[in-house]
Amino acid sequence: MDQRLEPSDRHLSDRRSDGRPARGPGWRYSRAVLRSRLAAVSRPGWTVAVAALLSAVAAVLINQHLFPYLSINNDEALYRLQAQTLAGGDLFPSAPPSAESYAPWLATVVDGHYVLKYTPVIAGLLALSLVITGGTAAALAFVAAAAVGVTYLVGIELLNDRRAAAVAAWLLALSPLTVLHSAMLLPYLPVLVLSECVVLGLLRGLRTRHRPPLIGAGLALGLAAAVRPYDTVLVLGPLVLWVVCRGARGRRWWVLRWVGTGLVAPVALLLSYNAAATGSPFQLPFALLEPDDKLGFGVRRLFPTDTAHRFGVAEGIAAIGDHLWLLGAWACGGVLLAVLSAATVARRRLSAPALTVGAGALLLIVGYVGFWGAWNAADLWGGTRYIGPFYLMPVLVTLVLFGARGLVDMASAWPRITGLAAGAGLALSAFVLVVALQDNMTFTRRDRDLSNMIATQAGPMLVIVPVDPAFLMHPTSVVSNSPTLDDRVLYAVSRGQSDFDVVADHPDRPAYLLRLAIGYNRTLASSSAAQLERLRVVHSASVDVGITASVPAGARAARIEVTGGGRRSSFPVNPDQPLVGRLTISPDGVDTTGLGFRPKVGDVLATKDRSVTLRLFYTPSADGRERLLDWTDLPVRVDSRQAAVRVLVPDSQVGAVGSGVTPTIRLSAG
């Protein structure tokens with residue numbers, strides 16, 4: 001009897017008696033391969049897997065509970081906006097009418113859209129997470145786990161010791177700098193991972209003579225250079241030179257060919273993006289807003305209206321010194337790690353590729369003396385005290401790799417002393433991390449109070465914010481819009497008479513004025529006071545605006561500066577009693593006789609905007625240095641056809657939160 005199955009019955013042999021598909025030899029082979037791969041994982045490898053998992057979980061939890069309103073680094077809101085834009089299918093956020101009034105942080109308007117300061121590599125990863133999961137947590141978890149895992153793999157290549165590589169991975173995972181930045185939408189940790197992928201791909205490609213690692217190294221190199229080109233050249237330059245000159249002898253062009261193959265896609269995408277953003281494939285959008293935001297010494301600005309900062313060698317050295325001092329606490333083990341790294345180098349326990357990685361870290365430190373951003377972060381802004389010395393993130397990798405080599409050697413010779421030293425290092429790192437978490441939670445509580453105050457108002461609303469510089473997302477990410485500008489709360493920057501256009505464009509939204517204290521949430525000692533006031537438009541032949549203000553007790557002197565009608569004038573204020581005065585605004589200008597003081601001679605200004613700006617200054621008795629206490633705008637538009645003016649005046653205060661020095665200038669329609 002012929003036992004062969006007919007073609008129509010052959011499919012029956014692929015099913016079990018219960019009807020489910022049978023598991024064929026292909027499935028059994030895949031399961032066998034998986035088992036063999038898992039069995040091949042070493043004990044250090046399993047510990048690194050645990051560290052990677054814990055890092056991923058910590059990144060998500062810290063992001064959700066510590067940074068629901070993002071951190072004090074305003075660039076986070078920029079990356080979030082860029083990711084939301086990409087996830088929505090656009091390359092740039094659209095700019096509506098009155099585009100300057102909705103300008104995001106460090107953005108410029110080009111051809112009806114906003115060009116953001118940074119290339120969209122990191123935002124692309126966040127956008128992918130948004131599309132797949134609806135949030136950025138998946139991207140953060142992936143980067144956190146990858147940082148630990150790739151550090152382990154790089155450690156194997158550089159140190160040729162799985163145990164030392166695993167120690168390095170754990171040191172990275174436990175460093176407060178890594179823990180905090182794994183939960184933030186910033187590029188420093190992702191670029192660290194990309195740089196390590198370059199190292200891993202180059203060394204593994206040379207060792208195994210396989211093409212895929214080299215192609216991957218080229219791809220990672222292109223992506224890292226697109227995000228932080230200066231860092232990439234400094235950190236990876238020595239290793240690349242070693243590979244070309246020594247490591248790839250006899251097959252140099254073979255290595256360059258396959259690394260170049262990986263470079264093609266990111267370079268092509270970067271050139272295309274530059275062309276779309278700036279009009280030139282070779283011009284990055286970084287300095288499109290402000291050309292003086294660049295490398296080197298001299299006058300530096302972050303945005304066009306920024307104060308001219310004179311940056312020299314002394315400032316550069318001081319900034320790097322501040323970063324290195326902080327890195328001694330924000331790296332797991334702190335100074336102990338630096339001592340172990342130095343001992344490892346001195347004992348010649350490192351291979352030539354490892355030494356090139358160390359040379360890249362030193363080159364970064366020296367090179368950053370000429371980068372004013374480090375000085376801005378450490379001295380002018382001071383945010384490194386709360387979120388760590390993030391510009392030296394690549395140096396952290398060198399410290400954990402070299403320090404791990406030294407720690408393992410030390411443990412073999414003096415296990416008891418090593419245990420005590422490791423315990424002291426972990427205790428220091430735990431202390432630094434706890435303090436950092438507490439400090440950032442204080443900033444978060446302030447932003448939560450601000451957000452809740454605004455959320456208590458019913459219905460859709462328009463909130464105008466007088467801020468300097470005139471960008472949204474600053475000084476807090478609470479004042480942010482989505483790319484579609486259709487949120488329940490729509491924010492706009494106060495820009496004088498342009499505020500009337502913003503109000504007219506949204507007749508269905510009641511207008512409010514959000515006033516933030518000078519230096520809001522900049523440091524722990526800064527004021528977190530904020531006030532929310534209802535606005536109304538007053539249209540008349542002349543408008544009387546009442547002014548009240550006061551200065552802190554103990555002030556030696558005070559003055560109020562009035563800018564309007566093409567003139568800036570300064571009026572003395574008695575610091576011992578509240579100021580009560582009046583301005584009269586008409587088509588002819590601003591009448592300041594209601595302030596009751598004789599002004600100093602005013603400056604004549606060339607401007608067509610008839611709006612009024614008031615600034616209150618005071619001089620404390622302690623140091624005698626005059627300070628800006630408060631300022632506010634009073635939008636004015638002249639109606640020449642009716643010989644009248646329109647003034648956008650606060651009508652009533654509807655909310656106040658925070659502590660510290662409050663916005664003290666109060667305006668009301670007379």
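The second largest pocket holds about 600 Å³ of space, where a pocket is an open set of points on a 1 Å grid over the protein atoms alone, with protein on both sides within 12 Å along at least five of seven lines, and a volume is the space filled by probe spheres set on points joined across faces, edges and corners. Lining residues, those with an atom within 4 Å of a point, number 26 here, and Pro 120, Val 121, Ile 122, Leu 125 and Leu 223 are the closest to the centre of this pocket. Two or more residues each come from α4 (121-133), α5, α8, α9 (211-227) and α11 (252-278); helices are DSSP runs (H or I, at least four residues) numbered from the N terminus. The largest share, seven residues, belongs to α11. The lining comprises 22 nonpolar, four polar and no charged residues (nonpolar: Ala, Val, Leu, Ile, Met, Phe, Trp, Tyr, Cys and Pro; charged: Asp, Glu, Lys and Arg; polar: the others, Gly among them).

The model is predicted, and its local features need pLDDT of at least 70, side-chain atom pairs count only at pLDDT 80 or more, and totals for chains, interfaces and linings use all residues. Residues are numbered from 1 along each chain as its sequence is written, and side-chain values use heavy atoms, without hydrogens and water.

Six cavities of 30 Å³ or more were counted, a cavity being a set of points where a 1.4 Å probe fits but cannot get out. The largest cavity contains about 240 Å³. Its lining has 22 residues, with Leu 192, Ser 195, Val 235, Pro 394 and Val 397 closest to the centre. Helix α8 gives the most to this lining, with six residues.
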